[in-house]
Amino acid sequence: MAIHVALNHRTHYTYDRWVSLSPQVIRLRPAPHCRTPVLSYSLKVLPRAHFINWQQDPQSNYLARVTFPEKTKEFLVEVDLVAEMAVYNPFDFFLEPDAEKFPFTYEAALKKELTPFLEKLPLTRSFGVFVNTINRDPVRTIDFLVGLNQRLSREIKYIIRLEPGVQTPEETLASRSGSCRDSAWLLVQLFRHVGLAARFASGYLIQLKADVKSLDGPSGTDLDFTDLHAWCEVYLPGAGWVGLDPTSGLMAGEGHLPLAATPDPSSAAPVSGAVDACEVKMVHEMKVTRIYESPRVTKPYSDEQWKAIESLGHQIDSDLVKHDVRLTMGGEPTFISIDNMDGQEWNFTAVSEAKRELSTQLLHRLKTHFAPGGLPHFGFGKWYPGESLPRWALGCYWRRDGVPIWNNEGLLADEQKDYGFGEKQALQFAKTLAEELGISVDHIQPGYEDAFYYMWKERRLPSNVDPLKSELQNAEDRKRLAKVFEHGLDKVIGYTLPLAKKGEKWATAPWFFRAGHMFLIPGDSPIGLRLPLDSLPWVPPADYPHLYPPDPLQKLPPLPPRLDGHAALAPVTVAGSKALTETAKASLEPVPAEPLVIRTALCVEPRHGRLYIFMPPVEIVEDYLELLGAIEKTATSTRMPVVIEGTPPPSDPRLDHFKVTPDPGVIEVNLQPSMNWDQLVKNTTVLYEEARLTRLGTEKFMMDGRHVGTGGGNHLVIGGSTPADSPFLRRPDLLRSLVGYWQNHPSLSFLFSGLFIGPTSQHPRVDEARNDSLYELEIAFQQIPEHGNVPPWLVDRVFRNLLIDTTGNTHRAEFCIDKLYSPDGPSGRHGLVELRAFEMPPHSRMSLTQQLLLRALVAWFWRVPYHQSLVRWGTELHDRFMLPHFVREDFKDVVSDLASAGYPIAEEWFDPHFEFRFPVYGSIVQRGIALELRQALEPWHVLGEEGAAGGAVRYVDSSVERLQVKVTGLTESRHYIVCNGRRSVCRRSRWV
């Protein structure tokens with residue numbers, strides 16, 4: 001991923017009379033050790049009557065010696081070159097073992113050769129003081145070089161100095177300022193005085209405007225820029241000459257093009273020579289122009305390309321509306337910290353305090369864009385085996401009709417702020433809320449830690465262990481026990497208000513316990529998760545007051561105007577509570593409770609100086625919004641900001657929401673569905689940018705330096721705004737077409753996926769584990785009607801046992817239909833299909849281009865269902881399509897098919913995806929034979945089960961990497977490729 005730039009450097013001298021020029025020495029050709037590829041170079045000199053001889057000085061720098069036989073009134077030197085600005089790692093070198101730590105000494109023979117570069121200037125006053133402050137304690141050589149270079153960058157102010165020549169180190173240190181050449185010469189002398197060979201480098205510095213502004217300070221130039229510059233090069237055994245730029249404090253990179261590197265600055269002048277006495281005018285011009293930009297992850301598309309992409313997006317939208325497809329698209333992008341990519345929580349573990357803090361920041365940033373007047377909700381998500389607690393899930397909910405759920409943002413507490421709220425404020429809030437709801441305050445129940453449990457726990461500790469400093473083997477137990485004892489066993493943890501909606505009114509009732517008090521289940525979770533509900537009066541299972549979610553296919557009226565809890569003004573009394581208490585105390589046998597016993601509760605808990613409101617489960621969203629309105633009114637009257645946690649609002653198509661949740665190694669964002677292309681562009685672009693400003697990234701680097709995605713997915717979720725609108729429930733043949741087309745085109749499975757692919761991955765193809773599954777799939781396809789109304793459960797019954805992984809897991813499949821029309825219950829009947837073989841792309845526009853491809857396929861198959869026979873790929877699936885060449889050739893067929901269907905997606909729009917997925921490692925051309933080495937794919941298979949802490953684990957074999965060697969121009973009878981002495985067998989791509 002390189003940028004080609006054209007550099008023009010023009011220096012024009014004009015004289016007031018005819019003058020003779022002595023031979024002029026021009027040092028304006030990139031030196032042989034220049035690491036930036038120079039693709040073309042030309043030198044123009046005026047007057048035209050001249051002779052030029054190219055030479056090399058003792059340091060191998062190129063010199064152009066120009067002689068002029070006639071007098072002239074002008075002298076012009078113009079350089080034009082084209083450089084390939086491809087980023088390289090300036091630390092990509094190894095040192096000899098003896099040179100890995102500073103200080104070190106050169107071998108005698110090497111030191112003799114480096115003698116000119118070890119010559120030192122005398123230690124004058126300021127210079128000597130500075131040299132004496134250099135720490136010579138043993139340290140890594142690289143750290144020493146970088147540290148000294150950065151010190152000069154901080155302590156020497158950069159100035160533009162028009163006077164000729166170079167300041168002495170004494171002058172530079174005395175004034176604490178200098179030009180680039182002054183700082184470079186100072187660094188050269190400092191290195192020499194500590195025993196390191198160094199030389200003065202002069203050359204071009206090319207600085208290009210950054211694609212993305214830096215979050216950590218200056219982003220560099222605002223315009224593409226070039227100028228003459230100077231820096232220092234130090235000789236390191238094993239690495240050779242290494243460049244350091246004391247002006248910026250950085251290592252020399254691809255923008256540093258050395259023209260001359262010499263022991264002394266006087267022999268590095270760009271132009272040197274004599275001229276007759278005269279008046280001289282000089283015009284100096286330099287400019288740099290981008291002439292080619294390859295697609296890259298920071299700028300994947302040109303403005304013209306993106307304009308064409310957006311135009312096609314709107315065209316597809318028109319077709320989707322015309323044919324009444326009612327398509328919505330969402331996604332599950334994943335992010336990692338840009339500051340701690342190597343941390344456990346960004347590679348292996350799911351939850352951490354750092355993740356929670358970054359997720360909270362991202363939640364509030366996204367709320368500002370998507371949900372003004374929305375509700376930030378701090379709830380809980382999935383609970384996985386081996387994890388002590390459910391994972392937290394941060395959500396934001398808002399009404400689609402635009403009516404605010406929560407008006408006053410100032411009453412939403414900041415989770416990073418201590419408001420000083422405690423037990424007293426929690427009780428006050430609970431009482432005020434009860435009055436606001438029109439119910440009795442007498443049934444507010446304080447919750448305590450279970451003293452008997454913790455006393456038993458304490459008695460089991462060794463006699464010489466302090467429970468506040470307990471060294472239990474389990475870190476979580478240690479932290480939890482210390483927290484409980486610090487808080488005190490006799491302190492109120494929070495207050496519970498039994499609460500339920502009975503008809504049109506809110507109701508409450510007493511809770512009673514054998515111990516006389518409500519002792520919470522041991523733990524450190526919010527009290528809403530630790531309520532001793534099993535201690536409430538027993539009821540027969542048939543009479544248990546279950547809450548049943550509504551049928552997702554029912555038609556719902558518009559939500560009423562904002563509700564604030566005033567629907568019930570009169571207290572609701574639950575009859576029989578006193579008699580029930582006496583009966584429960586009189587017998588140890590289960591006694592059926594009266595049906596009006598309330599088993600749901602709202603909790604008010606002070607934690608870390610903040611008030612947390614744990615929402616109870618309710619059956620319909622209207623009740624939830626009504627209760628929220630009452631809570632906001634209470635917060636207003638008590639002037640207490642709150643954090644809303646607990647049960648989220650019931651699933652309802654009249655609400656929109658997004659979630660930020662933790663996953664192993666990443667933060668996952670579940671985006672709200674987009675109804676059209678413009679919404680999709682806005683949602684995706686805003687998410688990427690706000691995540692970046694939160695210091696969350698979309699990419700990382702592996703141990704070998706390979707550039708990869710976050711390691712998480714970017715699953716695409718498609719469906720309708722309501723289950724009844726879902727294109728897949730209205731037209732099951734659409735899913736059949738997509739599954740069939742993906743099976744016919746393996747490039748769709750492998751181009752956009754992550755590193756972990758294969759039959760045991762998180763998204764195996766339907767034919768990747770079992771070849772015989774294709775026969776069953778063909779039978780299933782025959783059960784799908786082409787058009788017309790069909791029962792919504794049909795598509796689930798047809799595909800549920802086929803779209804699975806090798807263990808039968810319906811979630812871990814390339815096409816996941818868990819939320820389409822699951823038989824498990826209404827929570828799985830949302831009419832959604834999740835495409836899981838999409839890794840997180842590094843740029844929002846790359847993600848949008850993937851989604852555009854999918855939208856085009858849906859629009860095509862809605863009009864013309866896909867009926868092509870399934871392909872028995874067999875071993876060819878991995879033998880061929882693990883190589884980028886065959887992936888690309890297959891993807892060309894996809895692009896061609898879409899063009900024939902009227903959706904002209906350009907193949908080059910996916911060049912960034914190919915370069916990111918299959919980076920080039922190198923290429924070479926010899927005698928007309930071109931060889932290219934690219935990263936290829938390698939399936940990771942699950943290994944045998946092994947015991948580990950917390951249970952059995954199954955590791956994957958990631959020890960092998962596959963590379964593609966592609967050769968053109970090879971004569972098979974005369975040439976072959978050898979790797980480590982072994983002849984490689986290449987296969988012809990004649991069928992493509």
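Pro103 lies in the loop that runs between strand E7 (101-102) and helix H1 (108-113); helices (H or I, at least four residues) and strands (E, at least two) are DSSP runs, numbered from the N terminus. The peptide bond joining Phe102 and Pro103 is cis, with omega about 0°. The structure is a predicted model, in which local features need pLDDT of at least 70 and side-chain atom pairs count only at pLDDT 80 or more, while totals for chains, interfaces and linings use all residues. Residues are numbered from 1 along each chain as its sequence is written, and side-chain values use heavy atoms, with hydrogens and water left out.

Pro47 sits in the loop between strand E3 (38-46) and strand E4 (51-56). Such details are worth a look because most residues other than glycine have a negative phi, and most peptide bonds are trans.

Positive phi values also turn up in loops. Arg695, a residue other than glycine, has phi near 70°, and belongs to the loop between helix H13 (677-693) and strand E32 (696-697). Its relative accessibility is 22%, so Arg695 counts as partly exposed; here buried means under 20% relative accessible area, exposed over 50%, and partly exposed in between (1.4 Å probe, protein chains only). Asn980, likewise not a glycine, has a positive phi of about 55°. Asn980 counts as exposed because its relative accessibility is 78%.

Turning to the strands, an open sheet of four has the order E18-E35-E37-E36, with antiparallel pairing; two strands pair if DSSP finds at least two bridges between them. At the edges are strand E18 (328-332) and strand E36 (815-816), each of which pairs on one side only. Five bridges connect E18 with strand E35 (residues 715-719) in the antiparallel sense. Within this pair, Gly330 has Val717 of E35 as its bridge partner. Helix H19 packs on the sheet and touches E18, E35 and strand E37 (833-835), its direction making about 30° with that of E35. Contact means heavy atoms within 4.5 Å, and axes are lines fitted to C-alpha atoms, for helices over the stretch in contact, with angles running from 0 to 180 degrees between N-to-C directions.

H19 has a helical neighbour as well. Two packed helices are described by the angle between their axes and the distance between the axes. For helix H15 (residues 733-744) and helix H19 (residues 844-863), the axes come within 10 Å and cross at roughly 120°. H15 is therefore oblique to H19, given that angles under 35 degrees count as roughly parallel, over 145 as roughly antiparallel, 65 to 115 as roughly perpendicular and the rest as oblique. On the H15 side, the contact is made by Asp733, Leu734, Ser737, Leu738, Tyr741 and Trp742, and on the H19 side by Leu854, Leu857, Val858, Trp860, Phe861 and Trp862. By class, ten of these residues are nonpolar, one is polar and one is charged (Ala, Val, Leu, Ile, Met, Phe, Trp, Tyr, Cys and Pro count as nonpolar, Asp, Glu, Lys and Arg as charged, and the others, Gly among them, as polar).

Taken as a whole, the protein has 22 helices and 44 strands. Buried residues make up 50% of its 992 residues.
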